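Here are a few exercises to work through with the model open beside you. Try each task yourself before reading its solution.

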Amino acid sequence: MSDSLDDWGGAEFALAADRLDTPEVVEAADPADVLRQVASSAAQVRTALRSCQEADLSAFTPEARPRAIVTVGLGSAALAGEVLAAIVGPSSPVQVVASQAERLPGWVGAADVVIAVSGSGATAETLAIAAEAARRGCRLAGVGPKDSPLQHIAEQARAPFIQVEGLAGPGSALPRTALWGLVIPLLVIGERLGLARLGADVYEKAANRLEDVSHQCRPASESFVNPGKSLALDLVGSLPLVWGTSPLSGVAARRFAASISENAKYPAIAGVLPEVAWGQIATFDGPFASGAHLAPDDPSPSRPRQESAEDEPGELPGLSGLEDLSSWELDYEEAEMTDPARASGFTPLRLVLITDPEQDQRAAAQHRAVTDLVTQRGIGLSELAMDGEHPLVRLAGVLQLADYASVYLAIASGIDPGSAAAITDLQARIE
C-alpha cells in the first residue's frame, strides 16, 4: 500500500479503496476508535437532553428574553453556537452571536446571555471569557464536562452548568466527535427562551436520522453502498472546496471542512453562496483547476466539450433511508485511471456542494450556474442534498455523513484520524 499522497494515480486510488473495504485495515488504522465515537451521535442527543432536564434552567423563559445571546467557544464548541444561530434564523427577535474572540465584545452586558461552551472544559480562551461575563453581570451558562474548570467558574458565578457526558476520564471521546453533546444544550436554552420550536419529537427525529446515516456508513458496509466511504474516495488526492447554499448548509460546510482538516489532515476551504461567487470561485481558473492542465487537443474552458451522461456531476444518494442507495454505482478504479490530471500527480480541486431545499431563489440560480461551470471547467463535483422538514433533522443527516467521510478519508490516506500532534505541539509552545 502506498504511504504517500505525492502521486495519486489509478493504482494508489485502488489501494485507498481497498483500505476502506478491508475491515482489519480499517480497525488498525483507527486506534482511537473515532468511527465508534462518530456513531455515538444519536446517543449524544438523548444524553444531552437528559442533562438539560437535570440542570436548573429556570432563569431562561420567554418572559426573560435577553437582548442578545453570545456563545463563546473554539472548534466544535464554536460550531455549536453557529448551529443555534442557524436554527433560530435571521428573523429571531434576539440576536445570536457565535464568538471566537479572546474577549467579549464591548457592548455585551447585563442585558445579555453568555453561554460558554468547551468540550474539554479547560479551553483557556473560553474560561477567560466566562469569567469576564460573570464580572460584567451577564446571565451566564456553561456547557462542558463534569468537574472541569468551566464548571467551577459557573458554580462561582451561581450560573447553570450543563454537563456533557463522555468527555472526561479514561476512554473519553475526542471533543471534535462530541458536537451533538455541545449543540443540544444551546438549542434547549434557545427553545426555553421562545426563540425556536423544537420539542421532543424533533430531537428524536434528529437522533433517528443520525442513526440511519450511521447504519449506512458503518465500517462493514462496502464502498459502493456506503455514502461515507464513497464521498471519501471522491476527495482522495484532491483539494476540497466545501460550499453551502444557505446559512444552514453553510454551517454544515464549515463543519465538513474542519473535520477534513482535523481527521484527515487535509486542507479544505469552506464557503457559502452567494459570497463565494465573488471570491473563491476564481479558483476555477487557477493552477488547481483541471482545465488548466489539459492537453491542447482536450476540451478546455475556452472550448467546452459536449455534455454527456458521464459529464453530469454525481449526487450522493439521499439520507432518508437505505433504499436510496440501491441504484448508485461508481467504478472508482476506472474513473481514476482515466483521469489524466490525477494520474499525473496533479492535485485537483473538488467541489462539495451542500444544498438546502430552503435556499432562496438567488442561491438556487447560483447553484445551477455553479453546476454548469464545474462541468465546463472539468472540476469534480459531489452534491450532498439536505433532506427533512425541520432544519435540525436536515443538518443532522448531512453532518453525520460529513463526519464519517472525513474519518474514512484519513484511513484511505493512511493517516490516523485520532492524532492531533500539531495541535498538541502548538499548545505546548504557547502554554
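**Exercise 1.** In which helix is the place of Ser 41?

Start with the ground rules: this is a predicted model, where local features need pLDDT of at least 70, side-chain atom pairs count only at pLDDT 80 or more, and totals for chains, interfaces and linings use all residues. Residues are numbered from 1 along each chain as its sequence is written, and side-chain values use heavy atoms, with hydrogens and water left out.

Now look up residue 41: Ser 41 sits in helix α4, which covers residues 41-54. (Helices are DSSP runs of H or I, at least four residues, numbered from the N terminus.)

**Exercise 2.** Is Ser 41 buried or exposed, and which residues is Ser 41 in contact with, leaving aside its neighbours within four places in sequence?

Step one: the relative accessibility of Ser 41 is 2%, so Ser 41 counts as buried (under 20% relative accessible area; exposed is over 50%, partly exposed in between, with a 1.4 Å probe and protein chains only).

Step two: with those sequence neighbours set aside, Ser 41 touches Trp 180, Leu 210 and Gln 400 (contact means heavy atoms within 4.5 Å).

Step three: zoom in on Gln 400, whose side chain makes a polar contact with the side chain of Ser 41 at 3.0 Å. (That is a pair of N or O atoms within 3.5 Å; within protein, one must be able to donate a hydrogen and the other to accept it, and residues adjacent in sequence count only if both atoms are side-chain atoms.)

**Exercise 3.** Work out how α8 and α9 are arranged.

First, the axes of α8 (residues 179-192) and α9 (residues 199-216) come within 12 Å and cross at roughly 160°. (Axes are lines fitted to C-alpha atoms, for helices over the stretch in contact, and angles run from 0 to 180 degrees between N-to-C directions.)

Next, α8 and α9 are therefore roughly antiparallel to each other (over 145 degrees; under 35 is roughly parallel, 65 to 115 roughly perpendicular, the rest oblique).

Finally, find who meets whom: Trp 180, Ile 184, Leu 187, Val 188 and Glu 191 in α8 meet Gly 199, Tyr 203 and Leu 210 in α9.

**Exercise 4.** Now do likewise for α6 and α7.

Helix α6 (residues 124-136) and helix α7 (residues 149-156) pack at about 0°, their axes 10 Å apart. That makes α6 and α7 roughly parallel to each other. Leu 127, Ala 130 and Ala 131 in α6 meet Pro 149, Leu 150 and Ile 153 in α7.

Technical notes. Helices (H or I, at least four residues) and strands (E, at least two) are DSSP runs, numbered from the N terminus.
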